[in-house]
Amino acid sequence: MAKPVCAGLVVLLLIAVSVLESCSSRDEETAIRELVKKGATLGEGQDIKGLMNLTTEDFVALPGDLRRQETRGILFMAFRHYQNFKILYPRPSVELKPDKLSASAVFPFLIVKKEAALPNLKELYEDPQRWLETVGENADLYRLKLECLKPNGDWLVKQARLERFTGRSFTE
């Protein structure tokens, strides 16, 4: 009689571990999406130092193979160009790597003047494809591909690849 009970306990333990791992993965994906949200908020606030605090020391921006200092200069020029703006994007696609210490996030986004109105985008947050189709008709689009690491308990961006939408696809 003890063997079926032990087998049952092992099965329950395996189920519990898989549920915990699933919850842990979702928590990590949520944390990465929060990192993106924080980056967008800091970008809208034109907080270059805050944005750089979300990156690793060996951060690289692509294309251009730009290091942290060069990226600061590009951000400064971009902020001067856009002035008052907001950043709009749908839910980022997040892929947690097996080591659970690295991940990637991909999402399209656009930068618009603060006073610009693009109706119904909030309703499309959970549907990136429809978001992309709706926005693509009204604005210049970009896609950001982030490679993230979790070196000391917090997610940071190690690499950011910016791609411009050409009307058919995204290209560097």
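This is a predicted model: local features need pLDDT of at least 70, side-chain atom pairs count only at pLDDT 80 or more; totals for chains, interfaces and linings use all residues.
1. A quick definition to start: helices (H or I, at least four residues) and strands (E, at least two) are DSSP runs, numbered from the N terminus.

2. The largest pocket holds about 890 Å³ of space. Its lining is made up of 33 residues, and those nearest the centre are L51, L75, F109, L144 and L162.

3. Which elements give two or more residues to that lining? On the helical side they are α1 (2-44), α2 (48-52) and α3 (68-82). The strands are β1 (55-62), β2 (85-88), β4 (102-113), β5 (142-149) and β6 (156-165). Among these contributors, α3 has the largest share, with six residues of the lining.

4. Now for the second largest pocket, which has a volume of about 340 Å³. Here 15 residues form the lining, and I87, L88, Y89, K122 and Y125 are the ones nearest the centre.

5. Which element gives the most to the lining of the second largest pocket? That is α1, with four residues. Both α1 and β2 supply at least two residues each to this lining.

6. By class, the lining of the second largest pocket splits into 10 nonpolar, one polar and four charged residues.

Terms used. Residues are numbered from 1 along each chain as its sequence is written. Side-chain values use heavy atoms; hydrogens and water are left out. On a 1 Å grid over the protein atoms alone, a cavity is a set of points where a 1.4 Å probe fits but cannot get out, and a pocket is an open set with protein on both sides within 12 Å along at least five of seven lines; lining residues have an atom within 4 Å of a point. Grid points are joined across faces, edges and corners, and a volume is the space filled by probe spheres set on the points. Ala, Val, Leu, Ile, Met, Phe, Trp, Tyr, Cys and Pro count as nonpolar, Asp, Glu, Lys and Arg as charged, and the others, Gly among them, as polar.
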